[in-house]
Amino acid sequence: MVTGKTEGETVIVVRDESVSEASERVDHWLLGPVIFWLAIATALIHLYFNTVSTLSELWSSALHFGLFGLICTLTTPMFKARTVGGKRLALGGDILLGLTALVCAYYLIFFEDDLYQRGFNFSTGDWVFSVVSVALILELARRTVGWFIPVLCIVALTYVAWWGQYVDGIFNFPGLSWETVLYRSYIGGQGMLGSIARISWTYVFMFILFGAFLVKSGAGDFIIELARCAAGRFVGGPGFVAVFASGLMGSVSGSSVANTVSTGVITIPLMRKAGFPARFAAGVEAAASTGGQLMPPVMGAGAFIMASYTQVSYLTIIAVAALPALLYFISVAMFVRIEAKRSHADKLEDAAAPALKEVLKGGWHFLLPLVVLVAALVYGFTPTYAAGIAILSVIVASWLSKSPMGLRDILDALAMGTRNITTTAILLITVGLIVMVVSTTGIGNTFSLMITDWAGGSLLITILLVALASLILGMGLPVTAAYIVLATLSAPAIYSLIAQSQLLELMVSGNLPEQAKAIFMLAAPDKLPLLDGPMDVTTAKQMLALVPDTFSSQLLEQALSPETLSMLLVAAHMVIFWLSQDSNVTPPVCLTAFAAAAIAGTPQMRTGFTAWKLAKGLYIVPLLFAYSPLITGDFTEMIQVFCFALFGIYAIIAGLEGFLEHKLNLLVRALMFPLGALMLWPHGQLLIDGAGLIIFISVLVWSSRYGKRLSGDHSGNNEGSANAA
């Protein structure tokens, strides 16, 4: 991918032969319409699955695999062909593979009863179709997301069936027969057609289709215009436009790279025109677009997978995710504000931007589908059914605009939604194989125990280890896959440590419930009187260590309510979900930053480091999930944590940048770090937090006045120089 510039704007020129050949197929006079109508049929079939269908989940997952396997083979070439004959050969092979995917799906549907009766005793047909299905999904994954996931799946499957028995230590696995491995991978509804595939054809498909309808109706343009007129005229306004627009667009699209490309072509040139450095402008767009996967209601596919893992309702998850997402976007905006002051990137008088009143008057109806979606969820509809209602509301709402959606627009939106989810669908089906291996071998629990052992029972070190693992996995896995793998492996460890910290607080305060004391009566009856009153942390840890591991889960269940335990599990998954996003903005592989760099015409790796610096919220906010009631507390506690965290992060950013409203001296800059940590630290002392807040606001006011005085002196000197001239 190279870039060229025309009249101050960057134009992306794609020179990737595989992408070019894929475009040729989509635009081909015969194959193009076939792909278009196949995508529409696939969308309609999935709408049927999610609304009125009574088909079994296995059948729906099988058809999901077959249909998207066919679409993927038609739209993503097998190899780069340089000649006409080579292109025809690739197309013929792709059509054959696509039809094979459909046949594999129908084999499972038509012979399901026979397959269950035979069990692990495979017939010839069972061998052929199970091997072909697994090999085919690995090939499709290679085409869409590269070699890393197929290789990881092959390593995982062979570990179960072959080389696991030769591994010494805790990872030794005696092994299963290939019949059992293939049965669980293809037939048993545990692997590629298991729970992860079900999430793909239900939640993920419906919400991506909802986003496609919104974009097709014109909501994307409305979001950008709303951001321009709402934030564009403030100091550093174009940077705020990027943050605001990416947040709004990301809440619908759930894709960070698509978010970068769709909003960055407008926001990056605006920021450069206002005076921001090009690399900083690209970094802002990359960091803000990464936050799109954190912003409800879509959150990529993460919210749906989290709901499935934790058994907590999707509505609850997006409700508790709102404040942290807002905290992240404000943290990026803080960098923008500081850079605007430092670079003198003042407000941009954008003559093309209409008034806020005019934008709302012409596009208020675009907000109606989001209102309908939330109302349907609150009313009690399932997320998939609510998404279906919201899709219909997009069509109805468009009739209130100057460009109502007609039949052609609806068909285009159906096709667009199907095309948009193809890569994600293939990815999630493939990742199901890894999840099957983890659950079959118990390696997830082993990995969690190993992390806990390495960390020495420290929650902070555990989170740091998971952050490192997420960064390494993110170099080869998309963020959704990285989250699934990490959540399967390490969520139990983080959940256990967070729950234990809550238990320690109860013991230290002397508020341990009576039913929980009964567990200690069995473990250490001589120390039972200590539980009748407050104790120090060391004593509490010593008593907790006396409880056998077999009673640990029972102790938590007796000490903490089921609702609290559920939210602690959500907090553990939120930690992993946020950390899994860092691969978007962390070199050496940071696709979102690379996409922004292509638009801005800046060096990719240096842009990646800038985006990594601006996305510091990805590392700070997860600590609040683990150590504060930002997720688990009541509304008052959540707001309190949010407010102090806001200023705490601002103080840390000021320390990193050495700038507030003007350049800070070394002493004040050094003060910002402990001051920020003081407001972020979960000590539970409101008086200490308040004192830190007062000190920071005093520094901020002093910096603002001092900066204005310097600006006045500077402008006065300039005026005197001009008069003298």
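**Before you click**

This is a predicted model, so to speak of local features a pLDDT of at least 70 is needed, side-chain atom pairs count only at pLDDT 80 or more, and totals for chains, interfaces and linings use all residues. Residues are numbered from 1 along each chain as its sequence is written, and side-chain values use heavy atoms, with hydrogens and water left out.

**Stop 1**

Select residues 562-579, which make up helix 26. Helices here are DSSP runs of H or I with at least four residues, strands are E runs of at least two, and both are numbered from the N terminus. Helix 26 has 18 residues and reaches 26 Å from first C-alpha to last, close to the 26 Å expected at 1.5 Å a residue; the expected span is 1.5 Å times one less than the number of residues. Of those 18 residues, 13 are buried, so helix 26 is largely enclosed by the rest of the structure. Buried means under 20% relative accessible area, exposed means over 50%, and partly exposed is in between (1.4 Å probe, protein chains only).

Now pick Met-574. Together with Met-507 and Phe-520, Met-574 is among the residues with the most contacts inside the largest nonpolar core, which has 233 residues. A nonpolar core is a set of buried Ala, Val, Leu, Ile, Met, Phe, Trp, Tyr and Cys residues joined through side-chain atoms within 4.5 Å. Which residues does Met-574 contact, leaving aside neighbours within four places in sequence? Show Met-299, Met-306, Ile-317, Val-320, Ala-321, Phe-625 and Ile-631. Contact means heavy atoms within 4.5 Å.

**Stop 2**

Phe-625 takes you to helix 29, where it is buried along with Gly-617, Leu-618, Ile-620, Val-621, Pro-622, Leu-624 and Ala-626. That's 8 of the 11 residues in 617-627, so helix 29 too is largely enclosed by the rest of the structure. Then select Trp-612 and Lys-616: the lysine lies over the face of the tryptophan, 3.6 Å from the ring centre. (The rule: NZ of Lys or CZ of Arg within 6 Å of the ring centre and within 35 degrees of the ring normal.)

**Stop 3: aromatic pairs**

Rings of Phe, Tyr and Trp (its six-membered ring) pair if their centres lie within 6.5 Å; planes under 30 degrees apart are stacked, over 60 edge-to-face, and the rest tilted. By this rule there are 24 aromatic pairs. Phe-122 is buried at 14% relative accessible area, while Trp-127 is partly exposed at 32%.

Next, Tyr-203 and Phe-304, with centres 5.4 Å apart and planes at 15°, so this pair is stacked. The pair links distant parts of the chain, 101 residues apart: Tyr-203 is in helix 9 (residues 195-217) and Phe-304 in helix 14 (residues 302-310). Tyr-203 is buried at 19%, and Phe-304 is buried at 1%.

**Stop 4: a loop residue**

Is Gln-311 buried or exposed? Colour by accessibility: Gln-311 counts as exposed, at 66%. Gln-311 lies in the loop between helix 14 and helix 15 (314-343), and its phi is near 60°, a positive value in a residue other than glycine.

**Stop 5**

Start with Ser-289 in helix 13 (residues 278-290), which is buried at 0%. Its side chain makes a polar contact of 3.2 Å with that of Thr-260. A polar contact is a pair of N or O atoms within 3.5 Å; within protein, one must be able to donate a hydrogen and the other to accept it, and residues adjacent in sequence count only if both atoms are side-chain atoms. Not counting residues up to four places away in sequence, Ser-289 also touches others, including Ser-246, Asn-259 and Thr-592.

Jump to Thr-75 in helix 3 (residues 57-75), buried at 8%. A polar atom of the Thr-75 side chain lies 2.8 Å from the backbone oxygen of Ile-71.

Finish on Ala-481 in helix 22 (residues 479-509), buried at 1%. Its C-alpha is 9.5 Å from that of Gly-302, 179 residues apart along the chain.
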